[in-house]
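Me: I would like to learn how to read helix packing in a model. Can we work through one?

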Amino acid sequence: MLTREEIIAEINPKMAEEFEIDPSTILPEATIFDTLELDSISLIDLISIVHSSYGIKITKEELPNIKTFADLYDYIEQHQQH
């Protein structure tokens, strides 16, 4: 199981590259939609990054609960394969 620090070190560069943003703007308290400038198509890209990196599928029902990067890290921590 990955630690929170390992998750952050692994996923932040992937998000920064995919969404062409400065990695320093990815802060735990920052909102994902605003920071990554997500629309419905790029949201699918984010879900794909999580799925391909960790084998975790974020459901439509759970998605509204993931607002900040801290929420995303929490979700990955709680759902990663043991």
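Me: At what angle do the axes of helix α1 and helix α4 cross?

Reply: Axes are lines fitted to C-alpha atoms, for helices over the stretch in contact, with angles from 0 to 180 degrees between N-to-C directions. Helices are DSSP runs (H or I, at least four residues), numbered from the N terminus. Here α1 (residues 4-19) and α4 (residues 69-79) cross at roughly 120 degrees, their axes coming within 10 Å. That makes α1 oblique to α4. Oblique is what remains after under 35 degrees (roughly parallel), over 145 (roughly antiparallel) and 65 to 115 (roughly perpendicular).

Me: What should I know about the source?

Reply: This is a predicted model: local features need pLDDT of at least 70, side-chain atom pairs count only at 80 or more, and totals for chains, interfaces and linings use all residues. Residues are numbered from 1 along each chain as its sequence is written, and side-chain values use heavy atoms, without hydrogens and water.

Me: Which residues of α1 meet α4?

Reply: Contact means heavy atoms within 4.5 Å. From α1 come Arg 4, Ile 7, Ile 8, Ile 11, Asn 12 and Met 15. Their partners in α4 include Phe 69, Leu 72 and Tyr 73.

Me: Is Thr 68 buried or exposed?

Reply: Buried means under 20% relative accessible area, exposed over 50%, partly exposed in between (1.4 Å probe, protein chains only). Thr 68 has 17% relative accessibility, so it counts as buried. Thr 68 sits in the loop between α3 (40-54) and α4. Among the residues it touches are Pro 28 and Ile 32.

Me: How many helices does the protein chain have?

Reply: The chain has 4 helices and 0 strands. Of its 82 residues, 39% are buried.

Technical notes:
Helices (H or I, at least four residues) and strands (E, at least two) are DSSP runs, numbered from the N terminus. Lists of a residue's contacts leave out its neighbours within four places in sequence.
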